[in-house]
Amino acid sequence: MSKRSRKQFEAIVEQLVELKDTSELMIDLAYSSLLLNSRELAEEVYRLEDYMDKLHTDFELLVLSSKSKKEEAKGFLGLIRLGVVTEKIADAAAEISEVILRGIEPHPVLKATIREAEETVTHVSVTQKSPLINKTLRDARIPEETGMWILAIRRGDKCIRPKPDLKIELGDVLIASGYAEGKEDLKKIASP
Amino acid sequence: MPHLERIKYKPIPVRELLLEMKNLSELMIDLAYSAALFNDKELAEDVMELESRVDTLAYLLEMQTMIAARDAEDAEALIGVSIVASAADKISDAAADIAVIVLKDIGVHPLVTQVFEKVEERLMRVKVDEESIIVGKQIGELGLVAKMGVDIIAIHRNKDWIINPKVKEKVKNGDILIARGAPSGIKEFKELAEGKLRRLED
């Protein structure tokens, strides 16, 4: 494989990883929206569904525009199919969140299934004076400091899964769940 | 035509059915991606088996909610449960779609594995050999997370699946373990479970 096509290939895989991560994040958020009866989270899932559609189209175009040799065609077909699967998972997540968006009070069975907890969800922006900027999530120790658990990070129109190595940036929106008291503590360190 | 068995009503609580559907569908997604990335047919077969189990659970759950709804108010309260169960079923179907890529020899481009390996942990299945030192030990006392960065996420024992096994769960001879971890730790763990590695180092 030439240098150029290798580069293009890495771009394809990078997009696939993002499709995969986004679809899995959506499932987590959708179940959390039920657990917490949170319209905000359900709306987030819906927004991500739009984002997935766009991402998926870009991904398919990228795969189709790469010049593959005949013997590689199967491998590329496999990639296209994986992309379709992420789309299906995202659709399933959107269906779960629709229950909340239609104003259906989640049945006690749903809450018992997902997890019994008295938690709230909060969105906090990371502002200029925040000590969190440029720290990795591991170093930021948000759960230890605030009792809040980061569900996702919104950056521009992307929504990122919280991995320990991820660096927090100015303007990030932290989506976190936890007990109500933790909300203020999180605000103090994210938007002082 | 595959043989599809007739599903008889069983009085299992909706909560239990839904919980198992949710857990299985999430496990299946992880198993299926690993199967595709590492072209692992055994993992893909596991996914197909779990898919038919989730189908059965979906039937049972649907029957149970039908019985539970006596009037319009009940139906309105229960519709959310139905929708969520159907979503879990769709997720498990999506996982089966991935498994088919492996089983029908379509495969994904081998370069994908190279790129993914850098960023992703992988799953592996391993059958516990009678010689292995982990036989009879509780998962908690093995300290796998601390020692090799490996987590046992499921046990396939005879016909049963134990998802997210508790720390007190004992490993038995012949168990099929699904473990998650970085590639090096996973390799070491496989040797341990197959009885080739005789010592657990701190």
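What percentage of the 202 residues of chain B count as buried? The share is 40%, where buried takes 20 or more other C-beta atoms within 10 Å of a residue's own, exposed 12 or fewer, and partly exposed falls in between, with C-beta atoms placed from the backbone.

A note for all views: this is a predicted model, in which local features need pLDDT of at least 70 and side-chain atom pairs count only at pLDDT 80 or more, while totals for chains, interfaces and linings use all residues. Residues are numbered from 1 along each chain as its sequence is written, and chains are lettered from A and ligands numbered from 1 in the order in which they are written.

**View 1. Chain B as a whole holds 7 helices and 4 strands.** Helices (H or I, at least four residues) and strands (E, at least two) are DSSP runs, numbered from the N terminus. Read from that end, the elements go α-α-α-α-β-α-α-β-β-β-α. Along the principal axes, the C-alpha atoms of chain B fill a box of roughly 60 × 40 × 30 Å. Take the contacts in chain B with a separation of 6 or more: 78% of them link residues 24 or more positions apart. Two residues are in contact if their C-beta atoms, placed from the backbone, lie within 7 Å.

**View 2. Chain A meets chain B through 30 residues from chain A and 32 residues from chain B.** On the chain B side, helices H1 (14-37), H3 (72-103) and H4 (110-119) each supply at least two residues. H3(B) gives the largest share of that side, with 14 residues. By type, the chain B side splits into 25 nonpolar, 3 polar and 4 charged residues. Here Ala, Val, Leu, Ile, Met, Phe, Trp, Tyr, Cys and Pro count as nonpolar, Asp, Glu, Lys and Arg as charged, and the others, Gly among them, as polar.

**View 3. H1(B) is mostly covered, with 20 of its 24 residues buried.** From first C-alpha to last, H1(B) reaches 35 Å, close to the 34 Å expected at 1.5 Å a residue; the expected span is 1.5 Å times one less than the number of residues. After H1(B) comes Asn39(B), with a positive phi near 45°.

**View 4. In chain A, helix H1 (residues 3-35) and helix H3 (residues 73-101) have axes that come within 8 Å and cross at roughly 20°.** Axes are lines fitted to C-alpha atoms, for helices over the stretch in contact, and angles run from 0 to 180 degrees between N-to-C directions. H1(A) and H3(A) are therefore roughly parallel, a label for angles under 35 degrees. The crossing is left-handed, as the near helix is turned anticlockwise from the far one by less than a right angle. Among the residues that meet are Leu16(A), Met26(A) and Tyr31(A) from H1(A), and Leu82(A), Thr86(A) and Ile96(A) from H3(A). The residues of this contact come to 16 nonpolar, 5 polar and 1 charged. H3(A) has 29 residues and spans 42 Å, close to the 42 Å expected. Gly103(A), with a positive phi near 75°, follows H3(A).

**View 5. Asp105(B) sits in the loop between H3 and H4 of chain B.** Its phi is near 60°, positive in a residue other than glycine. Asp105(B) is exposed, with 10 other C-beta atoms within 10 Å.

**View 6. Asn164(B) lies in the loop between strands S3 (160-163) and S4 (176-181) of chain B.** Here too the residue is other than glycine and phi is positive, near 45°. Asn164(B) counts as partly exposed, with 13 C-beta neighbours inside 10 Å.

Terms used: Angles under 35 degrees count as roughly parallel, over 145 as roughly antiparallel, 65 to 115 as roughly perpendicular and the rest as oblique.
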